[in-house]
Amino acid sequence: MSLFETTSIQCPVCDTLSDFQAAGSVNADRRPDLREEILDNSFQNVTCPSCNEMMRLEPVVNYLDVELGLWLAAYPPRQIGEYLALEDEVQMLFDESYGAAASASAQEVGADLQPRLTFGWPATREKLFLRKEGLDDVVIEMLKLDLLRRLPEAPLRPGVELRVTSVSDDALGFVWIETASEEILQAFECNKALLVEIEGNLDAWAAVRSDLTRGLFVDMQKLYLGEGRDAA
Ligand SMILES: [Zn+2]
């Protein structure tokens, strides 16, 4: 079931307070139109009834997609600093819904689901896009780390992320995007040969894989955010 609840948002331009329907959970198998809306970035876009300003509701949403084998817990970008606590919370929620603490039939469904924690719409959209294109999100994060070493002018800073937004036969399309505003700062293409190179050399990436997959927030940013799980 997909659940929506009424939420009041203040327009940043004219200060009018208006009610919108915020998604609490999305079932993409029953509502493939919502999957498409996330992919085309129209999901949870709203318009101020007073001045027509376009706004986007922050994600606080649970996303289930059995067809693509994906389960997401998406949070607002400003909560990224709390990722360790949220990883624990979200892992527990997944375990109760489709994991070790769920019914046998739910566990059967859960066996094919990849659980992930995301912050903001760009990351949420990327996880869904990669799954749909059959690309391994862990290897994509490895590729991003590799790219950072090759791109001296990368605009990496808090609140700015590197996201895959498109794929063709021989290239991946990347953007540097400001997470909260979704403003694209830079776009570039990366030859798929770099991805193939990493896939052929995964032994060398084993330590990075282990860091990235410790917890449901599978994102290279966790390697830069504080001390991580070992020191916690
Ligand atoms: Zn307004």
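Trainee: Leaving aside its neighbours within four places in sequence, which residues is Ala74 in contact with?

Mentor: Before we pick at single residues, keep in mind that this is a predicted model. Now to your residue: Ala74 contacts Pro59, Val60, Val61, Thr118 and Thr124, once neighbours up to four places away are set aside. You'll find Ala74 in strand E6, which runs over residues 70–75.

Trainee: Let's go to the metal. Which residues are the protein donors of the zinc ion?

Mentor: Four cysteines do it, each through its SG atom: Cys11, Cys14, Cys48 and Cys51, at 2.3 to 2.4 Å from the zinc ion. Along the chain these donors follow the spacing C-x2-C-x33-C-x2-C. Cys14 and Cys48 link distant parts of the chain, being 34 residues apart. Cys14 sits in the loop between strand E1 (3–10) and strand E2 (17–27), while Cys48 sits in the loop between strand E3 (45–47) and strand E4 (54–56).

Trainee: What is the geometry of the site of the zinc ion?

Mentor: Start with the general idea: four tetrahedral donors ideally make angles of 109.5 degrees at a metal. In this model the angles among the four donor atoms of the zinc ion are 103 to 113°, and the site is tetrahedral.

Trainee: Next, the inside of the protein. How many residues has the largest nonpolar core?

Mentor: Think of a core as buried nonpolar residues joined through their side chains. The largest one here has 41 residues, and those with the most contacts inside it are Tyr63, Leu143, Leu172 and Phe174. Helix H5 gives the largest share of this core, eight residues. Apart from it lies another core of 17 residues, including Leu64, Ile80, Tyr83 and Leu113.

Trainee: Which residues is Phe174 in contact with, leaving aside its neighbours within four places in sequence?

Mentor: Among them are Leu143, Leu147, Leu162, Val164 and Phe188. Phe174 also contacts Lys144 and Arg163.

Trainee: Where does Lys144 lie?

Mentor: Lys144 is in helix H5, residues 137–150. With a relative accessible area of 0%, Lys144 is buried. Setting aside residues up to four places away, Lys144 touches Glu126, Leu162, Arg163, Phe174 and Met220. Have a look at Lys222 as well, which is buried with a relative accessible area of 7%. Lys222 is in the loop between helix H7 (206–212) and helix H8 (228–231). Its contacts beyond four places in sequence include Tyr83, Glu87 and Asp211.

Trainee: Zooming out, how many helices and strands has the chain?

Mentor: The chain has eight helices and 10 strands. Of its 232 residues, 47% count as buried. The C-alpha trace spans about 55 × 50 × 40 Å along its principal axes. A compact globule with 232 residues would have a radius of gyration near 17 Å; the chain has 18 Å, which agrees. Among contacts between residues at least 6 apart in sequence, 57% join residues at least 24 apart.

Trainee: Which residues does the UniProt annotation "domain: CpXC" cover?

Mentor: According to the unreviewed UniProt entry, that annotation covers residues 9–144. In the model, this span is 37% helix and 26% strand, and its end C-alpha atoms lie 35 Å apart.

How values were computed
Residues numbered from 1 in each chain as written. Predicted model: local features only at pLDDT ≥ 70, side-chain atom pairs only at ≥ 80, totals over all residues. Heavy atoms only, no water. Donors = N, O, S within 2.8 Å, 3.2 Å for Na, K, Ca; no water. Tetrahedral: all angles 85-135°; square planar, octahedral: opposite > 155°, others 65-115°. Helix = DSSP H or I, 4+ residues; strand = E, 2+ residues; numbered from the N terminus. UniProt positions renumbered as here; feature names shortened; annotations may be inferred. Buried < 20%, exposed > 50% of the residue type's maximum accessible area, 1.4 Å probe, protein only. Contact = heavy atoms within 4.5 Å. Core = buried A, V, L, I, M, F, W, Y, C linked by side-chain atoms within 4.5 Å. Rg over C-alpha atoms; globule rule 2.2 N^0.38 Å.
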